[in-house]
Amino acid sequence: MTANTSRSTVLTGIGTLVTNDPTVGEGPLGLIRDAAVVFDGGVVAWVGRADSAPAGDVGHDLDGRAVLPGFVESHSHLVFGGERAEEFAARMAGQPYAAGGIRNTIEATRNATDEQLEANTRRLLDESLRSGSTTVECKTGYGQTVAHELRSTTIAASLTDEVTLLAAHVPPPEYAGRADDYVAMVCAEMIDACAPQAKWIDVFCETGAFDRDQAHAVLTAGMAKGLIPRVHGNQLREGPGVQLAVELGAASVDHVCYTTQADIDALAQSSTVATLLPGADFSTRNKYPDARALLDAGVTVALGADCNPGTSYTTSLPFCIAIAVRDMHMTPDEAVWAATAGGARALQRADVGVLRPGARADALALDAPSYLHLAYRPGVPLVRDVWRGGELAWSAHTGHEKARALR
Ligand code: NIG
Ligand code: FE
């Protein structure tokens, strides 16, 4: 991260400010009307009403626009080769989604050069930034050999601090019918090689991918090397993913589309976040998760875009917020919280997803007076300015773009 340590910046003329700090403003979003924010040294120095804002070196008058914390994208698969538009078209014509499509991307990823993989990852990080994501988790999972996963981990680690080793995505073709052997190799070799560059260990626990015992083996092997678990679970049918995540104290279980009451109760009594990925359900015509049941039970919910070439080729959290409100019956406040503070919880980060003194100066301004417009105006590119570490990282107004690395 490049921090602006020399000059303070004051954002004035903020119509509605989302702080996610209920101690300074209204409701869970900590809303302040007619607000100002000061950034200094890469962090938030002050938030409050514009009429009591301190002076700063540089001023931006936002002319009544809304300002929010930068989105915290806690689930994405950006290191891959190729694309699968034909598979998408076949699905829209009635084919079901099956985990096996991942193998096509494994082949394309193995065949890509280092330069191609890195360029594709940067391209998608730039795209994420333009829709307001200032923190982006990035998974591996399309190499599935030690060397290819190490290559993906290295590329991801050069671009973001939030690197997830998705060591067990699907058994690759050379292990067809031998998932146990693949898991043994992951636990004996792959995790040792890749763990130093990763923070998280992930597994796809689903029929056609890995069963509960295999997922348990991979996650505990990763934990033994200092990685923190997260799980792809309950995406395509009910299954053991949610309970396994809770049992292991995973930071997050992601997808969570098919849940029993016991799954919801277990999540509600745990610190595991349920990360909902409506872009994947939209693009696979899957059942949306029962967000209301999760929220009403007290589960912490995050929203992610799940950018990947198979199930969800979008980087847009604004799009996911709109679906979450329209089709998953989340309130706009819940959806905005889930894409900011919720993502930060899923990544166990206290310094992002919130605008309070000391937090990272990551924020976005909308071409709209209120965050409500994110759901109210679906598909419209409302994100106008994005600051990361106190610097203007992208602006629709000037076309200025500095997305190149999130670290
Ligand atoms: O999060 N569910 C597993 N992994 C990805 C899909 C990967 C793919 O189809 O390429 C997901 O949806
Ligand atoms: Fe995923």
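Helix α8 spans residues 261-268, and its buried residues are Asp263, Ile264 and Leu267. A residue is called buried if 20 or more other C-beta atoms lie within 10 Å of its own, exposed if 12 or fewer do, and partly exposed in between, with C-beta atoms placed from the backbone.

The model is a predicted one: local features need pLDDT of at least 70, side-chain atom pairs count only at pLDDT 80 or more, and totals for chains, interfaces and linings use all residues. Residues are numbered from 1 along each chain as its sequence is written, while chains are lettered from A and ligands numbered from 1 in the order in which they are written.

**The whole chain**

The protein chain has 13 helices and 17 strands. Helices (H or I, at least four residues) and strands (E, at least two) are DSSP runs, numbered from the N terminus. The radius of gyration of the chain is 20 Å, close to the 22 Å that the globule rule gives for 407 residues, so the chain is as compact as a globular protein of that length. The radius is taken over C-alpha atoms, and the rule is 2.2 Å times the number of residues to the power 0.38. Along its principal axes, the C-alpha trace spans about 65 × 45 × 45 Å. Of the 407 residues, 56% count as buried. Among contacts between residues at least 6 apart in sequence, 70% join residues at least 24 apart. A contact here means that the C-beta atoms of two residues, placed from the backbone, lie within 7 Å.

**Two domains**

The domain assignment gives domain 1 (9-70 + 353-395) and domain 2 (72-346). Such bounds come from an automatic or database domain assignment. The C-alpha centres of domain 1 and domain 2 lie 29 Å apart. Their contact takes 23 residues from domain 1 and 22 residues from domain 2. On the side of domain 1 that touches domain 2, at least two residues each come from β5 (67-69), α13 (373-376), β16 (383-388) and β17 (391-395). Of these, β16 gives the most, with three residues. By class, this side of domain 1 has 17 nonpolar, four polar and two charged residues. Ala, Val, Leu, Ile, Met, Phe, Trp, Tyr, Cys and Pro count as nonpolar, Asp, Glu, Lys and Arg as charged, and the others, Gly among them, as polar.

**Around ligand 1**

There are 14 residues around ligand 1, and Ile102, Ala280, Asn308, Gly310 and Thr311 come nearest. A residue is near a molecule if its C-beta atom, placed from the backbone, lies within 6 Å of it. The shell around ligand 1 divides into four nonpolar, nine polar and one charged residue.

**Single residues**

| Pair | Apart in sequence | C-alpha to C-alpha |
|---|---|---|
| His148 and Met190 | 42 residues | 9.8 Å |
| Arg292 and Met328 | 36 residues | 7.3 Å |
| Asp57 and Pro378 | 321 residues | 36 Å |

His148 lies in helix α4 (residues 146-157) and counts as buried, with 20 C-beta neighbours inside 10 Å. Leaving aside neighbours within four places in sequence, His148 is in contact with Thr109, Arg110 and Gly143. Arg292 is found in helix α10 and counts as partly exposed, with 13 C-beta neighbours inside 10 Å. Asp57 lies in the loop between β3 (43-49) and β4 (58-61). With 12 other C-beta atoms within 10 Å, Asp57 is exposed. Asp57 touches Arg7 and Ser8, not counting residues up to four places away in sequence.

Asn234 is not a glycine, yet its phi is positive, near 55°. Its place is in the loop between β11 (228-233) and α7, and Asn234 is buried, with 26 other C-beta atoms within 10 Å. Gln348, which is not a glycine either, has a positive phi of about 50°. Gln348 is found in the loop between α12 (332-346) and β15 (363-366). With 15 C-beta neighbours inside 10 Å, Gln348 counts as partly exposed.
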